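The following exercises are intended for a reader who meets this structure for the first time. Each task is followed by a solution in steps.

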Amino acid sequence: MAFIDKIKEKAKADKKTIVLPESMDKRTFEAAEKILKEDIANIVIIGTPEEIEKNGQGYDITGATIVDPFNDPNKQKYIDKFVELRAKKGVTPEQAQEQMEKDYMYYACLMVKCGDADGAVSGACHSTGNTIRPALQLLKTKPGISSVSGFFLMEVPDCTLGENGIFVFADCAVNPDIDSNKLAEIAKLSSDSFESFVGAKSKVAMLSYSSKGSAKSDDVDKVANAVAIAHEKYPEITVDGELQLDAALVEEVGKLKAPESQVAGHANTLVFPSLEAGNIGYKLVQRLAKANAYGPVLQGLSMPVNDLSRGCYADDIVGTVALTAVQAQNA
Ligand code: ACO
């Protein structure tokens with residue numbers, strides 16, 4: 001069974017409610033129809049009657065809950081929650097209402113925060129920054145976590161490396177500035193994400209252009225320090241570095257370059273040293289190895305919210321909703 005089909009089966013086993021705020025995009029309705037037909041999740045779509053009429057025409061979304069952000073009996077509750085959560089920033093009720101009506105992702109996050117939905121998926125027609133900013137502002141991180149990061153579940157065809165071709169790659173989506181502390185935290189979150197989605201033991205490689213001191217620079221030190229922090233703070237995870245990609249993945253190279261390492265040659269969870277490396281890395285594997293790339297899935301948020309690529313198809317939205325529902329089961 002393909003990886004994403006397993007995730008859909010998990011989602012069906014304990015159905016969650018996921019909000020889709022992009023009623024201005026037809027793909028939302030095409031995906032909602034499929035999700036409802038396959039019984040993957042309960043769906044809430046945020047939109048005015050005009051938006052639903054215009055973009056939902058031709059799709060059977062009977063069974064979805066429609067929330068009109070201009071005429072919703074729960075709206076005052078969400079405005080109050082917005083003002084409470086952003087009190088330190090001086091947000092007024094008028095500003096909260098305006099933001100929620102202008103950008104439905106704020107509305108979706110407030111529904112999740114108030115317990116009226118279990119997760120949200122957006123980004124088919126919004127940039128990553130605009131999709132995740134409302135979640136960062138309103139939902140915040142899990143206790144003890146300083147930064148949200150974004151990973152991809154990579155499914156590489158005809159590949160025996162990693163967990164038979166399944167990998168977690170991080171951070172590929174969120175943090176433009178990564179220091180050693182953040183990298184160590186990304187290692188811990190990614191290890192947990194791999195184990196909860198893949199159901200196998202995670203082996204985390206902290207990637208670099210150096211293996212165990214073979215090169216010297218501040219960038220290499222950043223990764224080596226992150227490994228030391230991760231060993232100290234998260235002794236429960238299996239993590240090593242700094243490792244070059246070939247040493248991380250290929251047994252013979254791992255034995256040569258890092259013979260003492262438990263991870264070298266067997267890594268299934270790859271932590272990249274920068275957002276540039278992570279974002280370019282996952283796209284290289286997706287395009288050149290024809291891998292399926294599911295994500296970016298956000299990790300470290302207090303409640304599940306996930307982003308889509310603006311080039312996504314309705315089936316990608318279906319997959320991301322299933323992943324979000326599974327995160328909600330484990331929240
Ligand atoms: N984790 C937790 N909280 C965060 C994080 C983080 N990683 N980053 C910012 N925040 C918080 C801030 O502390 C702030 O909180 P506050 O308002 O309560 O004080 C809030 O989020 C907003 O932060 P800003 O710095 O004002 O927001 P910014 O405009 O910088 O947005 C964002 C943050 C969206 C994550 C930004 O760093 C960004 O755009 N990252 C890159 C996204 C991207 O383009 N990725 C590549 C494409 S994705 C792809 O190809 C699949």
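In which sense do strand β5 and β6 pair, and over how many bridges? Strand β5 (residues 149-155) and β6 pair in the antiparallel sense, over 5 bridges. Strands are DSSP runs of E with at least two residues, helices are runs of H or I with at least four, and both are numbered from the N terminus; two strands pair if DSSP finds at least two bridges between them.

The model is predicted: local features need pLDDT of at least 70 and side-chain atom pairs count only at pLDDT 80 or more, whereas totals for chains, interfaces and linings use all residues. Residues are numbered from 1 along each chain as its sequence is written, and side-chain values use heavy atoms, with hydrogens and water left out.

**Exercise 1. Describe the surroundings of strand β6 (residues 166-170).**

Step 1. Begin with the partners. Met154 has Phe167 of β6 as its bridge partner. β6 also pairs with strand β9 (residues 269-271), in the parallel sense and over 3 bridges. There, Ala170 stands opposite Val271.

Step 2. Turn to burial, where buried means under 20% relative accessible area, exposed over 50%, and partly exposed in between (1.4 Å probe, protein chains only). In β6, 5 of the 5 residues are buried. One side carries Ile166, Val168 and Ala170, the other Phe167 and Phe169, and both faces are covered.

Step 3. Follow the chain onwards. The peptide bond from Ala170 to Asp171 is cis, with omega near -20°. Asp171 belongs to the loop between β6 and α9 (180-198).

**Exercise 2. Characterise the shell around the ligand.**

Step 1. Identify the shell, taking a residue as near if one of its heavy atoms lies within 4 Å of the molecule. The ligand is surrounded by 22 residues, and the closest are Arg86, Lys140, Val148, Ala173 and Asn175.

Step 2. Sort the residues. The shell divides into 9 nonpolar, 8 polar and 5 charged residues. Ala, Val, Leu, Ile, Met, Phe, Trp, Tyr, Cys and Pro count as nonpolar, Asp, Glu, Lys and Arg as charged, and the others, Gly among them, as polar.

Step 3. Locate their origin. α7 (128-138) and α13 (275-288) each supply at least two residues of the shell, and α7 gives the most, with 6 residues. At least three residues come from each of domain 1 (3-140 + 301-329) and domain 2 (149-292), with bounds from an automatic or database domain assignment.

Step 4. Examine individual distances. Polar side-chain atoms lie 2.8 Å from a ligand oxygen atom in Arg86, 2.9 Å in Lys89 and 3.0 Å in Asn279. On its own the ligand has 990 Å² of accessible area, of which the protein covers 64%; such areas come from the Shrake-Rupley method with a 1.4 Å probe.

**Exercise 3. Are Lys140 and Asn164 buried, partly exposed or exposed?**

Step 1. Consider Lys140, in the loop between α7 and β5. Its phi is positive, about 65°, although Lys140 is not a glycine. With a relative accessible area of 44%, Lys140 is partly exposed.

Step 2. Consider Asn164, in helix α8 (residues 161-164). Phi of Asn164 is also positive, near 50°. Asn164 counts as exposed, at 59% relative accessibility.

Note on methods. Polar contact = N/O pair within 3.5 Å; in protein donor to acceptor, adjacent residues only side chain to side chain.
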